[in-house]
Amino acid sequence: MNSTQAKINRFFSKNKAIFAAFVIPVFIVLIAFLTEGIYPFGENQIAVIDMYHQYVPFLSELQYKLQEGGSLFYTWNGAGGSNFWNLISYYGASPLNLLLVIIPKKFIMEGVTLILLIKIGLAGSFMALYLKNINKTGSMAVVGFSTLYALCSYVMAYYWCIMWIDAVALLPLCILG
């Protein structure tokens, strides 16, 4: 085994709780999607309430502008035209939304679902990082509590308000800072 591979193995071994705290909540949400028949495992969808009427259409417009070009300051879609910059600052400021650049237009809902899953996973990972730093341990209890945090009732009740899930994910890092 060469030196680089040994360093990579040590890195993953040292941070296995943080990686587990990402994977486990995402896996649990995917199992919930499967059992409840939520797309891609069934006919139901995650786009409800404002996500269906506001966020997905906005993210679709953002995706179009990022892929095809166009002004990020103004849009002619909706209400005879409007300021797009304030919409970005409110709805689309998450760096994860840049993933929409590589996702084909017809898969916008899959892209939004992927972004949501990543945010839930990051909430778990960032909480694990926080707990690991304050407790100086990487025990499996860290993974358990991080999973509970990532799947807290706020996330489960307000997942459709995708822009606020960033706040849940970043809260442990803010407290740690």
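Is V168 buried or exposed, and what is its relative accessible area? In this predicted model, V168 is buried, with a relative accessible area of 10%, where buried denotes under 20% relative accessible area, exposed over 50%, and partly exposed the range in between (1.4 Å probe, protein chains only). Local features were required to have a pLDDT of at least 70 and side-chain atom pairs were counted only at pLDDT 80 or more, whereas totals for chains, interfaces and linings use all residues. Residues are numbered from 1 along each chain as its sequence is written, and side-chain values use heavy atoms, with hydrogens and water left out.

The protein has eight helices and two strands, and these elements follow the order α-α-α-β-β-α-α-α-α-α along the sequence; helices (H or I, at least four residues) and strands (E, at least two) are DSSP runs, numbered from the N terminus. The C-alpha trace spans about 55 × 40 × 35 Å along its principal axes. Of the 177 residues in the protein, 41% are buried. Among contacts (heavy atoms within 4.5 Å) with a separation of 6 or more, 64% are accounted for by residues 24 or more positions apart.

In soluble globular proteins, nonpolar side chains tend to be buried together. A nonpolar core is defined here as a set of buried Ala, Val, Leu, Ile, Met, Phe, Trp, Tyr and Cys residues joined through side-chain atoms within 4.5 Å, and the largest such core contains 46 residues, with M51 and V112 having the most contacts inside it. At least two residues of this core are supplied by each of helix 2, helix 3 (49-68), helix 4 (85-91), helix 5 (108-135), helix 6 (140-150) and helix 8 (162-176), and the largest share, 14 residues, comes from helix 5. When residues up to four places away in sequence are not counted, V112 touches M51, V56, L59 and I162.

G124, found in helix 5, is buried, with a relative accessible area of 0%; residues up to four places away in sequence aside, G124 touches A21, S146 and A150, while the C-alpha atoms of G124 and Q45, 79 residues apart in sequence, are 23 Å apart in space. V142, found in helix 6, counts as buried at 3% relative accessibility, and touches A128, L131, K132 and T137, not counting residues up to four places away in sequence. The C-alpha atoms of V142 and A17 are 7.0 Å apart in space, although these residues are 125 residues apart in sequence. V168 lies in helix 8 and touches A123, Y149, Y154 and V155, again not counting residues up to four places away in sequence, whereas the C-alpha atoms of V168 and Y64, 104 residues apart along the chain, are separated by 28 Å.

The structure holds two salt bridges, a salt bridge being a side-chain nitrogen of Lys or Arg within 4 Å of a carboxyl oxygen of Asp or Glu. In one of them, E61 pairs with K65, the closest N and O atoms being 3.8 Å apart; both residues lie in helix 3, four residues apart, about one turn of the helix, and both E61 and K65 are buried. K119 and D166 also meet through their side chains in a salt bridge (3.0 Å, N to O). K119 lies in helix 5 and D166 in helix 8, so this pair ties together parts that are 47 residues apart in sequence, and K119 and D166 are both buried.

A search of the whole structure finds zero disulfides, a disulfide being a pair of cysteine sulfur atoms within 2.5 Å. C174 is in no disulfide, and the nearest cysteine sulfur, that of C152, is 15 Å away. C174 counts as exposed at 58% relative accessibility, whereas C152 is partly exposed, with a relative accessible area of 23%.
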